[in-house]
Number of protein chains: 2
Amino acid sequence: MSKKRQDVLEAAECLFYEEGFHAVGIKRIVSKSNVSLMTLYNHFESKEILILELLDHREQAYVSFLKNHVSQNKITDNLALKIATAHMNWLEANSFNGCMFLRAKEEYQNECEPIVDRVHQHKKFVIDMLESYGLSTEESLRLSLQLEGATALAETTDIQTVRAVFLSSVNTLFKAS
Amino acid sequence: MSKKRQDVLEAAECLFYEEGFHAVGIKRIVSKSNVSLMTLYNHFESKEILILELLDHREQAYVSFLKNHVSQNKITDNLALKIATAHMNWLEANSFNGCMFLRAKEEYQNECEPIVDRVHQHKKFVIDMLESYGLSTEESLRLSLQLEGATALAETTDIQTVRAVFLSSVNTLFKAS
DNA sequence: TGAAATAGAGTGATCGTTCTATCTATAAAA
DNA sequence: TTTTATAGATAGAACGATCACTCTATTTCA
């Protein structure tokens, strides 16, 4: 991948996540990424296409982060707790402003169908991933609700408090599974 | 409260919730509420102040909705489940696009401190309300995570599925309380 | 008679996007 | 090694549309 392209994606991801999609203009992204306006438009046809590619980029980052942390986790008897811990580490490292996918869907609900579709696809993808780890459909949904809850709670609550509440809930819900 | 003022608040609440704060312009609100531009500005000094008053309005609506539904709920042995059911009814009636407070905080994170402060205040208010129902601090946080999770999951998942997963989780977490 | 609401023009700023004209850097041809 | 050709990146002006907000002049209604 082109270095310029990567610079744009990283600046856009940071700005959009911190301030929202409609609140951040193309000029801000260009300025932050040290790239010219035309270079951005040579790589991305439009703002909406940039957002779509950003969501691809972020899904890949989240999934590989989870994979790595789950495989490194030493807990052996509780898969859900392994995944929850990995998700908690993701939140702690990157994300105190909600789920970027849900936020994209919320902002483009009545404006850009491809973005909304992409978000639904992502959430389905995560559920499928949980099932591929060996959870049942119902367990996947149940864990998914916990993951979403932790992400939201972390927006307004001290992260160590969220960790304790989140992991103990998951532990209770999935013990002796 | 003035009728015109009420009209503006209702139109703004609907539009902001459906499409986001930055995505909706004042002209759209004026147009939807059948009120003139100057009338809006006579009632609300600025867009940000309108949003702040909207959050007041919505907090009041949510709290009284919860109070009514909790008191009418016939479950006698599980307070958390009563509250969860009431929250589920709120989601089903009004809210398939996330938590309006979190969305306000996300969009105004680096732009308007009073809005961000108001959102933190709201979340603290909800926790306090849960405690005033008789839950411990830890139980309140635990239930709060479930409420946030249900709100988020309802954005991309069939509402009856959310209801089943949500209520069964709360039931497991709070049984024999 | 006086206060409130109206429509609509006007403010300067910013939006996403396009265009132009200049510059840089690498690679092929001399 | 020098010249030329090609492609990519640059800054910045310009587009029409919209942003939040103000002002004015007129109308409605108690």
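Copies of the chain are superposed by least squares on the C-alpha atoms of residues with pLDDT of at least 70 in both. The model described here is predicted. A rotation of 180° with 0.0 Å of shift along its axis places chain B on chain A, with an RMSD of 0.0 Å. That is the relation of a two-fold axis. Among the residues of chain B, B:G149 comes closest to the rotation axis, its C-alpha lying at 1.8 Å. Both copies use the same surface, in that 100% of the contact residues of chain B recur in chain A.

**Contact between the chains**

Chain B contributes 37 residues to the contact and chain A contributes 37 residues. On the side of chain B that touches chain A, at least two residues come from each of α1 (3–19), α6 (100–108), α7 (113–132), α8 (137–153) and α9. The most is given by α8(B), with 10 residues. By class, this side of chain B divides into 12 nonpolar, 14 polar and 11 charged residues.

Within the pair of chains, helix α9 (residues 159–174) of chain A packs against helix α9 (residues 159–174) of chain B. The angle between these two helices is about 95°, and their axes are 10 Å apart. Angles of 65 to 115 degrees count as roughly perpendicular, and α9(A) is therefore roughly perpendicular to α9(B). The residues that meet are A:S169, A:T172 and A:L173 from α9(A), and B:S169, B:T172 and B:L173 from α9(B). The contact of α9(A) with α9(B) holds two nonpolar residues, four polar residues and no charged ones.

**Domains of chain A**

The domain assignment divides chain A into domain 1 (1–44) and domain 2 (51–173). Taken over C-alpha atoms, the centres of domain 1 and domain 2 of chain A are separated by 25 Å. Domain 1 of chain A puts 10 residues into the contact, and domain 2 of chain A puts in 10 residues. On the side of domain 1 of chain A that touches domain 2 of chain A, six residues are nonpolar, two are polar and two are charged.

**Surfaces near the DNA strands**

Both chains take part in the surface near DNA strand C, where α2 (26–33) and α3 (37–43) of chain A and α3 (37–43) of chain B each supply at least two residues. For DNA strand D, the helices that each supply at least two residues are α3 of chain A together with α2 (26–33) and α3 of chain B.

The helix that gives the most to the surface near DNA strand C is α3(B), with four residues. Near DNA strand D, α3(A) gives the most, with four residues.

Key. Residues numbered from 1 in each chain as written. Chains lettered and ligands numbered in written order. Predicted model: local features only at pLDDT ≥ 70, side-chain atom pairs only at ≥ 80, totals over all residues. Axes fitted to C-alpha atoms, helices over the stretch in contact; angles between N-to-C directions. Parallel < 35°, antiparallel > 145°, perpendicular 65-115°, else oblique. Contact = placed C-beta atoms within 7 Å. Nonpolar A, V, L, I, M, F, W, Y, C, P; charged D, E, K, R; others polar. Domains from an automatic or database assignment.
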